[in-house]
Amino acid sequence: MQANGAGGGGQQQPPPPQGPAGPELGCLAAQNGEASSGSAAGEPLAHANGLLPSASAANSSGGGSSPGGLSVNNGVPAAGGPGSAAAELGGGGGGSALKKKKRLSQSDEDVIRLIGQHLHGLGLNQTVDLLMQESGCRLEHPSATKFRNHVMEGEWDKAENDLNELKPLVHSPHAIAWGVSFLIAIATSSSGDRQKMHTPTGCAYRMKFLLLQQKYLEYLEDGKVLEALQVLRCELTPLKYNTDRIHVLSGYLMCSHAEDLRAKAEWEGKGTASRSKLLDKLQTYLPPSVMLPPRRLQNLLRQAVELQRDRCLYHNTKLDNNLDSVSLLIDHVCSRKQFPCYTQQILTEHCNEVWFCKFSNDGTKLATGSKDTTVIIWQVDPDTHQLKLLKTLEGHAYGVSYIAWSPDDNYLVACGPDDCSELWLWNVQTGELRTKMSQSHEDSLTSVAWNPDGKRFVTGGQRGQFYQCDLDGNLLDSWEGVRVQCLWCLSDGKTVLASDTHQRIRGYNFEDLTDRNIVQEDHPIMSFTISKNGRLALLNVATQGVHLWDLQDRVLVRKYQGVTQGFYTIHSCFGGHNEDFIASGSEDHKVYIWHKRSELPIAELTGHTRTVNCVSWNPQIPSMMASASDDGTVRIWGPAPFIDNQDIEGKATSMYI
């Protein structure tokens with residue numbers, strides 16, 4: 001490609017006037033929309049300010065064709081026979097000329113450069129040259145191209161000289177997008193370095209430092225210790241930039257061999273990989289009009305795919321950032337048929353109301369508690385996702401209204417309703433009762449939560465009991481006067497969250513015996529659960545429904561609509577991949593599902609005939625959910641038994657699952 005896109009005609013054209021954007025603009029303006037007219041027959045097509053001639057000047061009389069038989073007019077072949085040029089212009093003879101080429105918009109220029117960068121990465125360099133020639137664009141500033149080549153070839157002195165050419169472009173007023181990278185670089189620098197970066201040559205200092213660092217490491221890897229020491233003393237140190245890093249670099253002089261150096265420096269070694277990473281860092285200090293950010297087109301496509309997934313109400317599969325795993329030719333859409341909206345199995349072994357259900361942490365078992373005084377442990381088949389009865393734990397005289405699995409799933413604690421003063425701790429593997437705990441017949445132990453260490457748990461109830469116990473039921477600590485409705489232990493191993501009869505959730509620290517208010521509602525909190533990251537709390541609030549709170553900011557995030565919630569205790573849950581979904585039972589006999597970001601339900605599941613007391617989402621199988629109801633049944637929900645692949649991939653084939 002000729003410099004500045006000038007044509008190769010017989011008469012030299014004057015250079016086009018410099019636009020306000022300066023030399024770093026990605027595309028060049030056409031010069032009055034005309035091509036140069038002095039190319040001789042037999043010469044290759046010439047690039048004239050982004051335009052290609054439609055006919056050779058030798059055919060100006062209309063009596064002949066160019067040697068190739070075809071010429072290019074804005075990328076469209078034009079017949080070169082007699083009179084073709086004249087016919088194109090609406091007249092006969094008198095020379096050949098191009099119609100004025102429509103100037104590319106800024107977005108068109110950006111797209112051409114992005115495509116060119118991607119093709120260059122694939123090694124299709126001739127295609128890139130032709131694309132740039134026909135469009136009148138250039139992939140990057142010529143100084144940036146030289147800089148890139150010298151860095152990749154390890155010609156560090158030349159790369160430093162290139163920096164001097166690039167310095168005026170670093171602080172270009174047109175470097176709008178670059179400003180973000182600059183701010184990030186400032187924010188991550190030390191105070192002294194930050195002050196230097198605010199100077200006119202601050203970014204050049206940073207870029208030179210990165211270059212010299214690579215040069216130094218490569219000398220060390222090659223065993224050229226004296227040369228490396230020279231770089232350290234005479235080039236890096238005089239910059240007076242990032243002195244802490246210079247101290248670290250000096251320590252690498254003691255490395256006994258190349259492998260030791262690469263390990264300590266966390267560096268790939270001399271070659272294409274480390275130099276490419278260096279270029280990626282250097283690019284952040286250059287505006288995109290000078291040098292495009294690395295892999296820009298792939299990053300934009302990846303962002304588009306992620307945005308479509310985020311907006312997809314039913315997306316419930318593991319996120320894969322590899323573009324090869326998706327089709328870029330169609331929009332991302334998940335079908336409701338892939339979602340756990342369909343009854344897969346109805347468990348009828350309980351003979352009375354089922355008050356609670358909970359999947360184990362590893363997702364292989366389901367525990368259900370009932371008014372019929374039993375806990376049933378169900379085994380989940382990993383292939384068919386069908387459940388079969390594994391064990392029945394009996395003897396809970398008041399019924400079972402709450403269940404908690406230990407972190408390792410070896411133990412299970414069962415609690416009863418308000419008038420129950422006993423708590424049962426079962427060994428799940430053997431089915432044996434390890435502990436039956438009761439501090440007083442006046443107690444009410446209706447809720448329980450495991451400490452993350454699996455060696456302790458907390459329990460309490462509405463009569464003012466709040467205990468911390470070991471696996472043998474021994475009382476370790478107690479908190480007087482707290483009427484507990486629901487409990488949860490945070491991952492710090494110290495803080496216990498408890499909802500109480502004052503319509504609030506408070507945090508209690510059993511180590512320093514402090515407590516603080518976290519959530520305050522206007523109506524009774526019947527139950528709550530916490531997200532895996534400990535940030536969000538999901539509350540079932542009497543007469544209000546399901547509320548989502550941010551525990552860190554202590555604000556109400558969202559009120560979910562649709563569910564019927566009176567003064568029954570209903571347990572909701574987070575679920576799906578990344579816990580993007582929320583599910584809750586309801587007094588109108590339905591199960592409601594919401595996307596976490598949407599207040600309106602995305603699914604209302606029917607089938608139960610009485611109040612749905614509890615919903616549990618399998619933590620390892622995002623397409624499986626269980627619900628427990630006063631109708632005496634437990635329903636297992638999953639995708640539609642027959643799914644058309646068109647719902648998944650836009651194809652016309654089908655699959656059974």
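## Stop one: rings

Select Tyr 314 and Phe 339: both of these residues are buried. Keep in mind that you are looking at a predicted model. The two rings have their centres 5.4 Å apart and their planes at 70°, so the pair counts as edge-to-face; the cut-off for that label is an angle over 60 degrees. Tyr 314 and Phe 339 both sit in the loop between α13 (296-311) and β3 (342-347), so the pair ties together parts that are 25 residues apart in sequence.

Ring pairs link Tyr 314, Phe 339, Phe 581 and Trp 617 into a cluster. How many aromatic pairs does the count come to? There are 13 aromatic pairs.

Next, hop to Phe 466 and Tyr 508, an aromatic pair that is edge-to-face, with 5.3 Å from centre to centre and 90° between the planes. Phe 466 belongs to strand β14 (residues 466-470) and Tyr 508 to strand β18 (residues 504-509), so this pair links distant parts of the chain, 42 residues apart. Are these two buried or exposed? Phe 466 is buried, with a relative accessible area of 0%, and Tyr 508 is buried too, at 2%.

## Stop two: α2 and α3

Select residues 106-121, which make up helix α2, and residues 125-135, which make up helix α3. These helices pack at an angle of about 165°, and their axes are 8 Å apart. That angle makes α2 roughly antiparallel to α3. Their crossing is left-handed.

Show the side chains where the helices meet. On the α2 side you'll find Ile 112, Ile 115, Gly 116, Leu 119 and His 120. On the α3 side, look for Asn 125, Thr 127, Val 128, Leu 131, Met 132 and Ser 135. Colour this contact by residue type and you get 6 nonpolar, 5 polar and no charged residues.

## Stop three: α5 and α8

Move on to helix α5 (residues 156-170) and helix α8 (residues 202-221). They pack at an angle of about 165°, with axes 10 Å apart. α5 and α8 are therefore roughly antiparallel to each other. Which hand does the crossing of α5 and α8 have, left or right? The crossing is right-handed.

Residues of α5 in this contact include Trp 156, Asp 157, Glu 160 and Lys 167. Across from them, α8 brings residues including Cys 203, Met 207, Lys 208 and Glu 218. The contact of α5 with α8 divides into 9 nonpolar, 1 polar and 6 charged residues.

While you're in this part of the sequence, pick Ser 143 in helix α4 (residues 142-152). Ser 143 is buried, with a relative accessible area of 8%. Leaving out residues up to four places away in sequence, Ser 143 touches Glu 165 and Leu 166.

Most residues other than glycine have a negative phi. Go to Leu 513, which has a positive phi of about 55° although it is not a glycine. Leu 513 lies in the loop between β18 and β19 (514-520), and at 56% relative accessibility it counts as exposed.

Finish at Arg 554, which is not a glycine but has a positive phi of about 55°. You'll find Arg 554 in the loop between β22 (545-550) and β23 (555-560). With 41% relative accessibility, Arg 554 counts as partly exposed.

Methods. Residues numbered from 1 in each chain as written. Predicted model: local features only at pLDDT ≥ 70, side-chain atom pairs only at ≥ 80, totals over all residues. Heavy atoms only, no water. Axes fitted to C-alpha atoms, helices over the stretch in contact; angles between N-to-C directions. Helix = DSSP H or I, 4+ residues; strand = E, 2+ residues; numbered from the N terminus. Parallel < 35°, antiparallel > 145°, perpendicular 65-115°, else oblique. Left-handed = near helix turned anticlockwise from the far one by under 90°. Contact = heavy atoms within 4.5 Å. Nonpolar A, V, L, I, M, F, W, Y, C, P; charged D, E, K, R; others polar. Phe/Tyr/Trp six-rings, centres within 6.5 Å; stacked < 30°, edge-to-face > 60°. Buried < 20%, exposed > 50% of the residue type's maximum accessible area, 1.4 Å probe, protein only.
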